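Open your viewer, switch to a cartoon view and give each chain its own colour. We will go through the model in short stops, and each stop tells you what to select.

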Amino acid sequence: MAIYAYLVAGYLILAGSYGIVRSRHLVHAIVCLSVAQAGTYVLLLAVGYQRGGASAPVFGSTTKPNKDVVDPVVQAMTLTDIVVSATVTALLLALAIQINRRHGTVDPDELAALKG
Amino acid sequence: MTALVAVALTVVALAGTAVVLSDEPQRQAVTLSIFGTTLVVLFVVLQAPDVALSELGVGTAVVPLMVMLSIRTMRKDRAQHDEHDGEQDGQ
Amino acid sequence: MSRLARLLVFAFGGGVMAVAFVLAVLDLPHFGTHEHLYRDLAVPAAVQHGTANVVSAVNFDQRAVDTFGEESILIASVVGAAALLRPSSEETEQRVPDLGRTLEGTRLIGYVLLPVTLVLGVDLVLHGGTTPGGGFQGGVILATGIHLLYVAGSYPALDRLRPVTMFEIADSVGAAAFAVIGLIGLASTGAFLGDFLPYGDFGQILSTGTVQVLSGVVGVEVVGGMVVLLSSFFEQEITVRAEDS
C-alpha cells in the first residue's frame, strides 16, 4: 500500500503511452495522451497526501488554520495542469481535424509525413 | 480511509485501461468521461476539492464533448470527400 | 517503421521506464507521509495573507508567476485551435437544419440546470480565496454551463446567448489584466505580481488581497477561452462545407 498510489500513476502514464503507440486513429492517440496526463495528476496528488484524517487545505469557520492538511502546493499545480491540458487537447484535436481534411485519413500509419 | 483510497485508485486504473483499449474513438468519448468521473472521486477522497472541481468540468464534460464533436466533424468531412470523389469518377 | 518494430521499441522503452519508476518511488516518502515541507511553508504564508483557501493562495499569490505562464499556454492554445478551425475561404457558413430530436425530459433538465450552473460558476470564481474554487474551476464550469443549451436542443438560443466575439475579447482582456495587475504589483511592491492590496479579516471574501482579483481575471479568461474553443468545434460540426471544385 505504501507505494500503490505511485504505481497506479506510473501505470496510467505507461498505459496511455502504449495506447498512443498502437493507435490507428489520431483521435484515439490524443485521448490516450490525456490518460497518460492523468497519471501525472495522480502522482502529484499522491505525493501531497497525508493519511490519518488530514483535511483539505481550505480553512473556514469550522476548520481553524492548522498545519495538519494535505499539501496545497501539489494541488495548485494539478488544478492548473488540468485546465491547461484541456486547451492543449483541443489544439491537438483541431490539428487532427485539419489532417483529416487535407489527407483524407487519420490513421498514423497512412500519413506519410508521420513516417519515421 | 486507506481502503477507500485503494479502491478509488484501483477504479481509476481500470477505467484508464478501458479508455486505452476502446478502439472506436466514438466509444472512447464515453469511456473518457467515465474515467474523468472516477478521477473526480479519487481527488475528493485524496482531500483535493479544488482539483476535483477542475477535473469535473474538464474531464467529464469539456474534453469528451470536444472529442465527440471532432469525430463527428471528421466523419462529415470524410463523407463529403467521398461524395466529391464519386462525382469526379462519374464524369 | 512497422507496427511490430514500433511495439518492440515501446516494450523496451516502457520496460526501462517501469523499472526506473518503481526504483524511484521506492525511495519517495511513503504515500500518506506526515512530512510535507512545502505544506509547512505554504500554509502559514497563506494565512498571513488572509487567504483561507491555501490552494488559491499558492496559485494566485505564492506561485502567481507560474500561473501567469500557465495562462499564457492557455491563451496560446486557444488562439492556435481557433486559427486551425476557422472557416477557410472555400467554406460557406451554411447551417444544417436541426433534424435531431431532443427528449422533453432532457430539454427540461437542460433549461433547469442552466441558471443553477451559471450561478454556481460565478460563485466559484468569486469565492476562490475562501472556499474551494477559483478562476480556473469556476471558469470551466461557467463555460460548460452555457453549453447546456445545446443539450436542451436549442442551438439558435445558444448562439444568441453566446456572441463569440465577446468571449474572444474576454479571453484576451483576462490575460492582459493578469499582466497589468502583475505590473502594478511590480511598481508598488517591487516584485512582479506582488500583492499590493490590503488584507482584511481572515475568511472574508475581500480579505485575500490580489488573490481574489487575479482569480477573477483568470475566471474571465478561462470562460472566454473555453467558450471560444467549444464554439469553434460546434461551428465545424454544424457547418456544411461547400467543395471548392
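**Stop one: chain A**

Select chain A: among its contacts between residues at least 6 apart in sequence, 55% join residues at least 24 apart. Two residues are in contact here if their C-beta atoms, placed from the backbone, lie within 7 Å.

A note before you go on: this is a predicted model, in which local features need pLDDT of at least 70 and side-chain atom pairs count only at pLDDT 80 or more, while totals for chains, interfaces and linings use all residues. Residues are numbered from 1 along each chain as its sequence is written, and chains are lettered from A and ligands numbered from 1 in the order in which they are written.

Chain A has three helices and zero strands, in the order α-α-α along the sequence. Helices (H or I, at least four residues) and strands (E, at least two) are DSSP runs, numbered from the N terminus. The C-alpha trace of chain A spans about 60 × 30 × 20 Å along its principal axes. Of the 116 residues in chain A, 59% are buried (20 or more other C-beta atoms within 10 Å of the residue's own, with C-beta atoms placed from the backbone).

**Stop two: chain B**

Now select chain B. What secondary structure does chain B have? It comes to three helices and zero strands, again read as α-α-α. The radius of gyration of chain B is 19 Å, well over the 12 Å that the globule rule gives for 91 residues, so chain B is more spread out than a compact globule. Its C-alpha trace spans about 70 × 25 × 10 Å along the principal axes, and buried residues make up 53% of the chain.

**Stop three: where A meets B**

Show chains A and B together. The contact takes 43 residues from chain A and 37 residues from chain B. On the side of chain A, helices H1 (4-21), H2 (26-48) and H3 (72-103) each supply at least two residues, and H3(A) gives the largest share, 13 residues. By class, this side of chain A has 30 nonpolar, eleven polar and two charged residues. Ala, Val, Leu, Ile, Met, Phe, Trp, Tyr, Cys and Pro count as nonpolar, Asp, Glu, Lys and Arg as charged, and the others, Gly among them, as polar.

**Stop four: where C meets A**

**Stop five: helix pairs in chain C**

Select residues 164-189 and 210-238 of chain C, which are H9(C) and H10(C): they pack at an angle of about 150°, with their axes 7 Å apart. Axes are lines fitted to C-alpha atoms, for helices over the stretch in contact, and angles run from 0 to 180 degrees between N-to-C directions. H9(C) and H10(C) are therefore roughly antiparallel (over 145 degrees; under 35 counts as roughly parallel, 65 to 115 as roughly perpendicular and the rest as oblique).

Terms used: Rg over C-alpha atoms; globule rule 2.2 N^0.38 Å. Buried ≥ 20, exposed ≤ 12 C-beta atoms within 10 Å, placed from the backbone.
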